[in-house]
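Biologist: Please take me through this complex by setting each value against the criterion behind it.

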Amino acid sequence: MTLKLKSYRSKVYTSRLSRSLLLGCLVISLLHFTCKDALVENPKSALTPGNFYITASDAQLAVNAAYDHMGAGTNNSDFGGVYFNTYYSLQALASDNGKAGPQNEPNTVQLDLFRHDPSNTFTTDIWEDCYKTISLANIAISKIPDIDMDEQLKNRFLGEVHFIRGMMYFELVRLFGDVPLLITPTEDLSLLTIERTPADEVYLRILADLEIAEVVLPFQYSGADIGRATKGAAIAYLARVYMTLENWSQVAEKSSELIGFGIYNLMEDYADVFKIVNNNGPEVIFATQFTLNNNAIWETSQFNVRTLPLALNRNSLSWELPTLDAYNAFDIMDRRWEVTFQTSFLEDDGTIVNFDPHIFKYWDQEAEPSASSGGNDFFNMRYSDVLLMYAEALNEVNAGPTQEAYDAVNEVRRRARFADGVVRNTLPDLEGMTKQSFREAVWLERRFEFVWEGQRWFDLVRQERLKSRVEDAKEEVTVDIPKHNLFPIPQRERNINPNLTQNPGY
Amino acid sequence: MRLKFHIVSLAILYLLLTGTYVTAQNVLVSGVVKGVGSDETLIGVNVLLKGTSIGTSTGFDGDFEIEVPPDGILIFSYIGFQTAEIAIANRSIVNVVLEFEASQLDEVIVVGYGTTKKRDLTGSVSSIRAEDIQAVPVLSADQALQGRAAGVVVQETSGEPGAGTSIRIRGTSSISAGNEPLYVIDGIPMLAQASDISSGAAQGPRLNPLSTINPNDIASIEVLKDASAAAIYGARAANGVILITTKRGKAGQTTVNFNFYQGWQNVRNPYTLLDASQYAHFVNEANYYAGNGRVYDDPSKFGKGTDWQSEIFRTAPMSNYELSFTGGSENIQYAISGAYYQQDGVIKGSDFTRYNFRANLDGKVHPRITLSNSMMFSHTKSNKILTDDNAAFDGGIVTAALSFNPMLSTRDENGNLILKNYAVDNDGNPIDGTQLDDEGNVIPESTLNTFANPLLKIYDSSSESKISRIIDNFSITFNILDGLDLKASLGVDFSTSRSDQFTPSTSRPAGDSFASSGSNSTFALLNEYTLSYNREWDKHRISAVGGFSAQKTSVSALFVNAIDFSTDQFGYYNYATARGADVITNYPDFTFLSWLGRVNYALLDKYLFTFTGRADGSSKFGENNKWGFFPSGSVAWRVSQEDFMSDVNWLGDLKVRMSYGIVGNESIGPYLSQALLVPVDISLDNNLTIGFEPFLFPNSDLRWESTRQFNVGVDGSVLDGRFGFTMDFYIKSTFDLLLTTDVPFYTGFSSVFSNVGDLENRGFEFTLRSYNLVRDLKWNTDFNISFNQNEITSLAGRDNIPNSGGLFGIESWALLKEGEPVGKFYGLVTDGIFQIGDDPESVPRFQASPPLTPGDRKFKDLNGDGVIDDSDRAFIGNAQPDFSFGFINNFSYKGFDLSIFIQGVVGNDIVNFNKFLIERENTTSNITLDYFANRWTPQNPTNEYPKVNADPAIIRRYISDAEVEDGSYVRIKTITIGYRPPANFLKKVKLADARIYFTAKNAITFTKYSGYDPEVSHFGQSATNMGADLGGFPNTSSFILGINVGF
């Protein structure tokens, strides 16, 4: 044996061929598999928490992400963020303003007919997107304080995400009632069994978040930052929260404070409010930003695709339509009526297309003739809203309308008389009204002003007339109160966490 | 064709280089060949001088004569018998008795990092030989396994040419980490995850990675089933291992083979749907029950209308050409082949083309050094048709064809394809938004659903996928001293793929064109060093192997998609014309490091022991769990070798085996343990900017799934090997299951990936091979059957985990629950039909539903709360079969052969989601004639099918037992009739061999399933979503005519 081995050795080791082959193999092997770090993962095309949340620029990117899921929702499984489409469609459908279009999409039909169940995708999507936004705000709120950066900028970033979180919980608590209240980043699975937090407690957190934002946010931005949350947005949202809580003196105080800033104005013509060029104009206090841009897919708004008639020779699908009740509620000389609705359209080739009333207010025909997408922002808060909140609050706080209350509501009505440079002889100023008639007049004004702006169901629930209004507008529908004053907790969430109770009636 | 010329010239070159000449002084040797246990002489036995091409065959009396050197070795081979090598040893008469094949104890079995003889095997291994693989003309090797090996359940998930199969070895042992076995081709563990190979940019199912390999290049397939056999592949072995060994050259035997076949495929069982006048009746009646007026005043005038299924289906040809050369000298051997395969799909517009080239070379460059190279190249190209349903997006072609209005013509009067599923008016004109009413207003468009005309997909949407793949393994073996070898190998698996897909604006409901393109380049490098040792002395026999292995895979992928092209003219060729092209890049890489070892020890050729261990490190897992160790041990006792058995003459061989070990499953993607951050686009003041957000729940403890497997088995043969059998019983317990489980949205995530839960598979397998007739008329039978029971033993505290494969908005139609198997369907239980006279208030109904009226379907209120809702669901079916079997009978008489291969799967259920379209009461889709003919009417108060109703009150969000069907089937998988001309005729025409054959595949199927085919899986290989049927590319039956010629 040993002899054999020796002779073999001499042979092999003198064989240049085999020696070089062996060496070659070993070298290739060593080049590719140095054992030490071979099993450590270093993803080339992604960031990890270990190399992020370090610089001011990281802080900005973390804050930006929270805005994404309000608007485009780029990475969402359901496409689109909170205000992309479902939010305003739901507010219209589940009210006297809107009905399902000819698509017969089941979720739309459910909401229209008040047959929505806990699996409705509109409510589920809004829930998902609100909480995704909250989770991103929570990450920013927990990570940014430790980043070494300019303190003023740091505070502004924190103000933005506090505002966003407050706003999201405000949507959730109004839509679903008691909801899980999470204010720290998700790091383990202990959250899987938590219970719903009482709405009162959620409201305290909303107020606290908005108050932080109110203190640290700037009045205005310039350049690429235009569109971020401002001090005015925080104050106006505080007014809206207080209005929901019927704390009228606070509503009056907050709206008066905002009006006093003097930086917001109504556009002269109601039609101009919805021109893309005025997206961040003087009337806009906070808007979900969308972009008409060649590189944008989900970052464009979906108003036109959803609301314009199928009959147009365009990419429009009549997903949801206004009710005749809404269409007929207006004074036909009211500028807002012709801006909001259309029943016919003159195509380029001269043919006239006729159709049932459709929402046209979001279509900026000059800027976006194809209507295949939209650069229109979604207006979460316009100045006219603050004026109407102020008017309603003064009426509630006092024994009836004060002069300031009349002035505020009449400012909105005056604008509605203005059409293309002409002041119409219609919509006279309000005067000499009782507390109740003024209250109802303001409610009506809100309806005319905010069709399809994500307000109607909230208003009807707050005004305790969801059942009467909806049943008047849609004769085949029965509304259950109090059941329909809230939407159902999404079934998916309850499947995973049985500790989440369902709202009564669902 | 050019390819084949290259092959020919290469082969000739090799022949010139390696030709051998026999020069020794020859003598004449004669003898008679008989079969064991009888006086029967064997006619036509091949007799060959080892290491040469000199040979003859036995005559009518089993006799032969041959001139050979006196020290030569003769090889006797004959179908059904073991091949024997007999030394001439200066004799002039050599008489031989051949043993039956069933007891082929000396058969060499590939076991991973080595081979063993069947007699020494202690683990559970199924071996499939080349002739069985070639018996069924198939596109890829995995299909050839179907029904061939006990414990291996193969399902063709789709009839699309080149589509993947789903293979389960001994049950479902993982829920989400993949259940497919590890494939090892010529020593290289394959990347078999479709995502690693094809870019998937084209819509529709991804191609099967194994479809890149020509099955006729395969010499044998070994399936390593138990832990003892598989543990040598450690962390990748829990789903079993399939070793594929390709053909290699043999010294002296120069063979040239040409194979050709041509086949035709058809859709097996199209649905019978309503024709136009029947559909008009249906619309009228459905509107009557909806309280509306009559729509069509004379339904019969619409005639037959359009049969949309026959518009999309066709008889599709397929053909295959192969040329192979094997041979060599004592020092250099080669096996070279080239093949061309072309198959059209039964859906118009789909096809698959494959080019293969293989060259296996072995050379002895030094008495102690052997070089080996195995090289495979393939290029596949396929045109695909989107068959999956995705109603919210495009809709699949099959679901569209099923649901399309039969009253609608395929084209309008201008010859353009109709765009959508329009309703038609009383005059038969589509209501497409171009007509005016009396007042000149446009009549709003009216469509049944959002599906686009399926023909648009065939004629306007192009979808192409190309994959090129090279697999090469180069090795050097140093024979250090007798019995001790060092082997170094370097292997490469390199593939590039490109997929493009375009859907024009006309075929998208939203009218915006869509395109996607992707390319993917995958480079996997394998480097291994093994030391193997074999020694025999006295009563001992030992063989051992140990080594190191490293495998690194790098993928670079580029993916583009865009919508809304300014013109449809360019398709996917010009992304500059689109609005908002999205570009996604991805560069995952992952590394595998391993130490491995195995020792086999045999004492007295009676007591056999095997110990195996592998330590695997994988980059994919959390930083706390990078390395794992996977040991196994087994013993076997060859009872028949004991003295006390020597009198039992009828028993040829009897072996009892037992094994235990742990193996792992690591088939998950890289980076799943990390909380990666991804960019998102946001708008600010009409500009885009970006943000970064986490998209995975971090988990630094992420580790592989582990499976403990216990196996006992018995192998035996009786009556001189005329009957051979194998049986095995096993228990596989899998723990640390990798699960993606949904988490509440309020966490900010939708799911988390972690190790939770256990499950168990228990099963029994039985294989029998018998030689029933061995004279002129030969008949042998292979039979195998396997039973498997699957149970989820723990879900780590979760009450249940619903699946998430939502179709038609239907949620959680299957549910994982402790004590139940994976794949249990979960839904409502029907309770007949509401009849005239029933009390509407007493019948439970959906909360949002108005009181039932006669003809409405009733559901059982299982929790008794008076309302039908999600809590009234129960388990209503099981996607996993009770047992599956294969039964093969081969007959031959003179030159004729007949093979009948019956295969079956029994006890599984299928959720037929197609029924949500075509057994739906409202008029948004065409329906089956069966439903319409048997629907409830006052005259037909059936309890099976509800009445039709254009305005149903409720949208059902759950499946019910009305959609669950028995998926059992028994099918004649293939019948093949072949003819081989007599040897003297072949000699005359100077051919070594020739055979023509006719095969009918899936010709006859016995099943109660109403869909296209019971072999179906809408969600491919998914375990949680198994057993769903919707749209999809139907499986086919086919007829094939082929010829093999050997020169």
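**Interface, confidence and two local features**

Modeller: Between chain B and chain A, the rule finds 14 residue pairs in polar contact, both residues at pLDDT 80 or more. The model is predicted, so local features need pLDDT of at least 70 and side-chain atom pairs count only at 80 or more, whereas totals for chains, interfaces and linings use all residues. Residues are numbered from 1 along each chain as its sequence is written, chains are lettered from A and ligands numbered from 1 in the order in which they are written, and side-chain values use heavy atoms, without hydrogens and water.

Biologist: What makes a pair a polar contact, and which pair involves the side chain of N600(B)?

Modeller: The term requires N or O atoms within 3.5 Å; within protein, one must be able to donate a hydrogen and the other to accept it, and residues adjacent in sequence count only if both atoms are side-chain atoms. The side chains of N600(B) and T610(B) are paired at 2.9 Å, which makes this a polar contact. N600(B) lies in strand β29 (residues 589-603) of chain B, strands being DSSP runs of E with at least two residues and helices runs of H or I with at least four, numbered from the N terminus.

Biologist: How many salt bridges does the rule find across the interface of chain B and chain A?

Modeller: The count is 0, where a salt bridge needs a side-chain nitrogen of Lys or Arg within 4 Å of a carboxyl oxygen of Asp or Glu. The contact (heavy atoms within 4.5 Å) takes 87 residues from chain B and 102 from chain A.

Biologist: What is the area buried between chain B and chain A?

Modeller: About 8100 Å², with carbon and sulfur atoms giving 61%; this is the accessible area (1.4 Å probe) lost on putting the two parts together, summed over both.

Biologist: Why is helix α8 of chain A called largely enclosed?

Modeller: Of its 26 residues, 22 are buried, so the rest of the structure largely encloses α8(A); buried means under 20% relative accessible area, exposed over 50%, and partly exposed in between (1.4 Å probe, protein chains only). Helix α8 (residues 151-176) of chain A reaches 37 Å from first C-alpha to last, close to the 38 Å expected, a span of 1.5 Å times one less than the number of residues.

Biologist: What is the mean pLDDT of chain B?

Modeller: On this scale of predictor confidence in each residue, from 0 to 100, chain B has a mean of 85, and 93% of its residues reach 70 or more. Chain A averages 89, with 91% scoring at least 70. The complex receives an ipTM of 0.90 and a pTM of 0.76 from the predictor.
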